Amino acid sequence: MPRPTAAQLAYGSCTVIFSTLAMLLLSQTSSGVGVAIIALAALALGLLVAMTVPLPGKRRPAVEQPAPAEPLRASVPAPAPAPKPVRERAAS
C-alpha cells in the first residue's frame with residue numbers, strides 16, 4: 001500500500017478539522033454520543049477527501065485522434081463573375 005503524500009495529509013486533516021467544527025457549531029449538540037457521531041463523520045469525510053486527491057505521476061496518456069486520410073474541402077460554389085460596368089453615351 002503506497003504511503004500518503006503531503007497533499008493528501010494536508011487536505012484530509014483540514015477537512016477533518018473544519019468539518020468537525022462546522023458540524024458541532026451547526027448541530028449545537030452537547031451530548032457525548034452526538035459529538036462522537038460528528039467526529040466519526042468528520043473522519044470519514046477527511047478520509048474520502050484524502051483518497052480522492054490525485055497522486056503525482058499517475059497521469060493517463062492523452063488519447064491521440066487519428067488524422068483524416070484526406071484534407072477536408074468545402075463545397076462552396078465559385079462566385080459569379082461581376083457584371084461589366086455600363087457606359088453612358090455622351091449627349092451630342
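Reply: Begin with what counts as a helix: a DSSP run of H or I, at least four residues, numbered from the N terminus. This is a predicted model. Over residues 33–53 the chain is 95% helix and 0% strand. The end C-alpha atoms of that span are 31 Å apart.

Me: Which residues does UniProt list as "transmembrane region"?

Reply: The unreviewed UniProt entry lists residues 9–27 and 33–53. Residues 9–27 are 100% helix and 0% strand, with end C-alpha atoms 27 Å apart.

Me: What span should helix 1 have at 1.5 Å a residue?

Reply: Its 22 residues should span 32 Å. The end C-alpha atoms of helix 1 are 31 Å apart, which agrees.

Me: Which residues of helix 1 are buried?

Reply: First, the general idea. An α-helix has 3.6 residues a turn, so residues three or four places apart point the same way. Now this case. Gln-8, Gly-12, Thr-15, Ser-19 and Thr-20 are the buried residues of helix 1. They cover an arc of only 120 degrees around the axis, so they sit on the same side of helix 1. On the other side, Ala-6, Ile-17, Phe-18 and Leu-25 are exposed.

Me: Which residues make the nonpolar surface patch?

Reply: Ile-17, Phe-18 and Leu-21 make it, and the patch covers about 330 Å². Leu-21 lies in helix 1, residues 6–27. Leu-21 has 47%, so it counts as partly exposed.

Me: Where is Gln-28?

Reply: Gln-28 is in the loop between helix 1 and helix 2 (32–52). Its phi is positive, about 55 degrees, although Gln-28 is not a glycine. Gln-28 is exposed, at 69% relative accessible area.

Definitions and conventions:
Residues are numbered from 1 along each chain as its sequence is written. This is a predicted model: local features need pLDDT of at least 70, side-chain atom pairs count only at pLDDT 80 or more; totals for chains, interfaces and linings use all residues. Side-chain values use heavy atoms; hydrogens and water are left out. UniProt positions are given in the numbering used here, feature names are shortened, and annotations may be inferred rather than shown by experiment. Helices (H or I, at least four residues) and strands (E, at least two) are DSSP runs, numbered from the N terminus. Patches are made of residues with over 30% relative accessible area and no salt bridge: like charges are joined within 9 Å, nonpolar side chains (Val, Leu, Ile, Met, Phe, Trp, Tyr) within 5 Å. Accessible areas come from the Shrake-Rupley method with a 1.4 Å probe; for residues, only the protein chains shown count as cover. A salt bridge is a side-chain nitrogen of Lys or Arg within 4 Å of a carboxyl oxygen of Asp or Glu. Buried means under 20% relative accessible area, exposed over 50%, partly exposed in between (1.4 Å probe, protein chains only). The expected span of a helix is 1.5 Å times one less than its number of residues. The arc is that of the directions from the helix axis to the C-beta atoms.
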